[in-house]
Each structure stands twice: as C-alpha cells, then as structure tokens.
Amino acid sequence: MTRDIVFLIDGSDDMRNRFSAIRAFVGSMVEKFDVNQNKDQVAVVQFSNIPTTEFTLNTHRSTESVLNAVQNLRPKGGRPHYTGKALQFVKDNIFTQSAGSRHLEGDRKSTR
C-alpha cells in the first residue's frame with residue numbers, strides 16, 4: 001500500500017508559542033511511516049496569510065530525512081484564519097503529479 005500524506009500546519013503568529021509542539025506532533029506521526037518512493041511519501045505545507053510549500057511529496061526518500069526537515073521548520077508568521085485558502089493550495093499544488101502525488105495511479109488501479 002502506498003500513502004501520500006500532507007501535513008497542513010498553521011504557522012501564523014498565533015501559533016508561534018506552540019510551534020515546537022506542532023513539530024513534535026508531526027515528527028511523532030512521521031516516525032510511524034515507512035517513507036520511501038514505493039511506500040509512504042510526506043509533504044508539509046505551512047500557512048498563515050499565504051500558504052507555503054515546505055517540501056513536496058517527492059522531496060524526501062527516507063523517514064530520517066523527513067524528520068530532519070520537520071525539526072528545521074520555523075513558523076512563517078502572519079495572520080491566521082486562512083485555512084480554506086491553504087486547503088485549496090494543497091489540492092492545487094501538492095496533490096499533483098509534478099509534486100510526487102500518486103493519486104492518479106490509484107485511480108488507474110481501481111479501474112482495472
């Protein structure tokens with residue numbers, strides 16, 4: 001089974017004091033995945049006023065690499081409450097073939 005997992009993180013000014021807890025949560029989840037090209041892929045998008053791709057699904061090829069990237073995340077700051085815009089950003093920019101998404105592969109498999 002392959003999984004494409006995206007963490008959408010609130011990096012606004014309101015979350016600055018809690019950002020280390022957010023990193024710890026994401027890290028604890030990532031530790032449970034088998035990150036490699038044929039199994040799990042992980043992406044992180046951070047949002048406040050403007051969503052920003054921290055890394056795409058095809059950036060990291062090991063759990064350790066993802067964990068290192070997560071530990072290096074810093075809050076981007078800005079105003080909160082742009083969750084809808086951030087979700088649309090993920091759909092348009094992360095769940096794409098160029099970013100490593102395999103959702104179309106699943107569609108092809110299910111039609112056989």
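Is R16 buried, partly exposed or exposed? With a relative accessible area of 41%, R16 is partly exposed; buried means under 20% relative accessible area, exposed over 50%, and partly exposed in between (1.4 Å probe, protein chains only).

This is a predicted model, in which local features need pLDDT of at least 70 and side-chain atom pairs count only at pLDDT 80 or more, while totals for chains, interfaces and linings use all residues. Residues are numbered from 1 along each chain as its sequence is written, and side-chain values use heavy atoms, with hydrogens and water left out.

The term denotes a side-chain nitrogen of Lys or Arg within 4 Å of a carboxyl oxygen of Asp or Glu. D13 is likewise partly exposed, at 44%. The structure holds 3 salt bridges.

Next, select R3 and D40, whose side chains meet in a salt bridge of 2.9 Å, N to O. This pair links distant parts of the chain, 37 residues apart: R3 lies in strand β1 (residues 3–10) and D40 in strand β2 (residues 40–47). Strands (E, at least two residues) and helices (H or I, at least four) are DSSP runs, numbered from the N terminus. R3 counts as partly exposed because its relative accessibility is 35%, whereas D40, at 2%, counts as buried.

Finally, select R102 and D4, where the closest N and O atoms of the salt bridge are 2.7 Å apart. R102 sits in the loop between α3 (83–93) and α4 (103–110), and D4 in strand β1, 98 residues apart. Both R102 and D4 are buried.
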